Structures are given as structure tokens and as C-alpha cells.
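These are my notes from a first look through one structure.

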Amino acid sequence: AGDVIRRDRFSGGPARDFLSSLAADKRIFDADLAVDRAHVVMLAEQGIISDGDAADILVALESVEEAGHAELSGGEDVHEAIEAAVIGRVGERGGKMHTARSRNDEVATCIRYRLREDVLDAIEGTLALREALRETAAEHTETVMPGYTHLQPAQPITVAHFLLSYEAAVARDTARLLDAYGRINHSPLGGAAFAGTPFDIDRERTADLLGFDSLLGNSMDASSSRDFLAETLAALATHATTISGLAEDLIIFANKGYVDLSDDYSSTSSIMPQKKNPDTLELVRGTAGDAVGGLTGLLTNLKGLPRAYNRDLQLAHPHAFRAVDAVVNATDVAAGAVATATWNSEELAADAGDGFSTATGVADALAMTGMPFRTAHEIVAAAAEDIGDTDDAATTAAKLDAAAEAVLGESLWSRVNRETVESLLDPDESVASRDSLGGPAASAVETQLDE
Ligand code: ARG
């Protein structure tokens, strides 16, 4: 039947497979049926085709749907193949389905129709990950851990504070995906090849039947623009980058014994029997490559394309579909890994003060007495050279005092209460003291959780 509607001159010849998107179009098979139905209903309502022809075409579409994508053959793509299948069932009248449209507005509509669903999946994935981060955080508002900058011990924080930092970032990823959804959700149908149609079509009606918020007004823009794909891929690539950082942190923490991944999210070695590896998180980290690669591939495809439709576009949307699949899978796995991991509070507490990570709190306490922060920084920095992880609070305090004598020429204890300084050397106290808005103190984290 495909041969019936394709003129021999353009049968494709040796380039037929190269031209064909039929296999990749499986992704938009359901979308194309929906688009066909909406279009046929509108054509009948507008009196452009008869109700009888419309009814027969709709029945044929039902049977094409039941047969499935695998039964399609003939034609360069799913649009032609479905049309051929309809013609095969109802005869030549089936060709009326393609009145007042082109494959150009048809495919653009199918992509948007299908991508809405995929972006909703991606959004749901981010919501589930955020829930896992929040629920785990709620259990660990008092679990102190080392916090890092430059991957060096910096200041003690809590597991909750760490997890909520990612929750906040993923919340913005959700918002970006929602934004993209809003701009996907417009109907190009009726733009035809790019230059509209003389038929009295009702574009609002098809937009409405297909659940689009509104339509793309300019027919050339409708049929040929793909910036909605770029925006979606940018949101996906950004989210994939966010979760690659989360995965990397968890891989490092697993390495240090701070967190144990559940066996469900771990893998082993085929030769080293004792190994428990964070492979799932490594794949989450690596998924950024798929998403960023997809974005780069898409933008390279779109760059410099003239108006209006060009066949390059057939290779554009598959970048988005591949990336969304990869990112949805990675987000689901990240959520599962977070929800099932065990945080080892003893190991975390034992290391929370390593590298004199409470030093900033001591400098802050000195500055609170009125000493310029830069002077306080100098005293604590001088002492830090001499302070080791095994020093107890009294020893550290004595070394701080010696540094103050050297820098100020007087004892530290004439400026600040010795007990106050010693207590701030305790990572728990250090965390509790940093209760500014958004800080790691349990009270501040509770506020973040409530929000
Ligand atoms: N399969 C094409 C695509 O995905 C749509 C066909 C438009 N073809 C054309 N020659 N105008 O972009």
C-alpha cells in the first residue's frame, strides 16, 4: 500500500533505509494516531470531509492501532505508513485524512504530544528524588558529618543539611522542566508544510482535542521550530549534571565508610569476591554524558538551519527522546539509592572535626568579642599549623592561646571565655552554633524541611 501513495520517482532506491525514520517513529506511533484522529474529527466538523469518510477512517485507525507499529510497512515514516495502512483498509478515500496538513506540522505535533508525557515522567522522577532526599534528611538533622570545600575538610555540617542542598537544586530542576513543558504544550497542527492551507480548518479545535494549551500562531514557526527540544534537553542536561554531583558525593562517602549503599543498588566484581561497588551511582554520574551529548547533538543539528522544514529535523527529536529515557532512569535509581542507603553516624561523627574543621567557629567566637575577623583568622591560622586530629579540646585551646600570645602579645582568655572556645571545638556545638537562615543547625534545617 505504501507504493500506492509514493510516486515511483521518489521510491528512495538505495537511500530508502537512510531516508526512513519508521523504526525510530515507534516512539510517536500512538501520538500520530491521536493527531490523525483529532485532525479527521476537525475536518468532518468543518465539512471539509464527509462524516461517512471520517467515520470509516476513524474505524481504520482503530484497527491500525490494534495491529501496532510492528505491522506498518511502506512509506518513509510512521505518518506515511499509517496513511498507507488506512488506505489499505478503506480504499482511496482514506487519503482524505491528509487533507489540509503536511507531515511537517504532523510530525511537529507528534513530537510535542509525546514529549509532554516524557517530560511529565521526568518531573515525577525529580519529585520522587526530592522526597527521598527530604525523608532521609528528616532522619538526620542531628547527624554531624565533615563538610568539604575543594574536597578538603572544611566545616562540620549534618547529613540533613547536605541532602537538602541537593533537594534545593533538584527543586530548580523540576521548575525548569515545568517551564519547558509549558512551551512544549502548544499545537503546531494546521501549520501544514509551513505556509498554511486554503481549507477552512479550525486549529483551536485540534489543539483542544489534543490537550494543548494553545497553538503556535505562525505556520512557518509551527512546522519548523524545535527550540522546545533545546529547552527540554537543557533542562534534562542540567538535572543530569545535578544528580551526577550527588552520585559523586555518595561514591566518595561510600569510599570513606560514611554511607553504605543497599545491596540492591550495589554491584560486585566477577573476580574479587569481597567487592561491593557503587556501580549504580557511577552510571547515574555517567548519565550526564548522555544528556549533555544529546543537547550538543541537537543544537549542532539545529544550528544554521534555514526556514522552514528541512529533513535534518528528522534527526533532532531522537536526541531528546534518548536523553529523557536515560535521565528518567538515572533519577529513579538515584532516588532508590538515597532512600535505601545507611548513614554511619559513628564514622561521620568521628571524622566531623578532622582537619581542625571547627577553626572557623573559633575565629567567629573571637570576632564576636569585637576583635577584627582578620586578626582572629590570623591567630587561629597560626595555631592550626600545630593542631592535629588527635588533640583534645584542652590541648587545642592551649595551642590557640599560645598563638594569641604570639600575635597579640596577650592571652586569649582575657578576650574570650575558655569554656566557650573549648565547646566550639566539638563538631556538634560547632554545627549548633551556625543557626543562620539556611545554615546546618538543626533548628535552621527544620525550617528548610518545613519549606
Ligand atoms: N519523518 C520526518 C521527520 O521526522 C517528517 C517527514 C517530513 N518529510 C518531508 N519530506 N517534508 O521529520
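A note to myself before the record is used: UniProt positions are given here in the numbering of this structure, feature names are shortened, and annotations may be inferred rather than shown by experiment. I also keep in mind that this is a predicted model.

**Entry 1, annotated regions.** I looked up the record and found that UniProt, in an unreviewed entry, places "domain: Argininosuccinate lyase C-terminal" at residues 356–432. For residues 23–293 I noted 62% helix and 7% strand, with the end C-alpha atoms 22 Å apart.

I then turned to the domain assignment, which gives domain 1 (2–99), domain 2 (105–149 + 159–192 + 223–349) and domain 3 (350–450). Between the C-alpha centres of domain 1 and domain 2 I noted 35 Å. Their contact takes 10 residues from domain 1 and 11 residues from domain 2. Which helix gives the largest share of the side of domain 1 that touches domain 2? I found that α3 does, with five residues. By class, I listed that side of domain 1 as five nonpolar, three polar and two charged residues.

I followed α3 (residues 29–45) to its packing with α4 (residues 51–67), where the angle is about 170° and the axes are 9 Å apart. Angles over 145 degrees count as roughly antiparallel, and α3 and α4 are therefore roughly antiparallel to each other. I wrote down residues that make the contact, including Leu-33, Val-40 and Val-41 of α3 and Ile-57, Leu-58 and Leu-61 of α4. Sorted by class, the contact of α3 with α4 has 10 nonpolar, no polar and four charged residues.

What surrounds the ligand? I found Ser-21, Asp-77, Arg-103, Asn-104, Val-107, Tyr-309, Arg-311, Leu-313 and Gln-314 around it. I counted this shell by class as three nonpolar, three polar and three charged residues.

I looked for exceptions here, because most residues other than glycine have a negative phi, and most peptide bonds are trans. The peptide bond from Arg-307 to Ala-308 is cis, with omega near 5°. I located Ala-308 in the loop between α11 (279–302) and α12 (317–340). Ala-100 is not a glycine, yet it has a positive phi of about 60°. I placed Ala-100 in the loop between α5 (78–90) and α6 (103–139).

Note on methods. Residues numbered from 1 in each chain as written. Predicted model: local features only at pLDDT ≥ 70, side-chain atom pairs only at ≥ 80, totals over all residues. Axes fitted to C-alpha atoms, helices over the stretch in contact; angles between N-to-C directions. Helix = DSSP H or I, 4+ residues; strand = E, 2+ residues; numbered from the N terminus. Parallel < 35°, antiparallel > 145°, perpendicular 65-115°, else oblique. Contact = placed C-beta atoms within 7 Å. Nonpolar A, V, L, I, M, F, W, Y, C, P; charged D, E, K, R; others polar. Near = placed C-beta within 6 Å. Domains from an automatic or database assignment.
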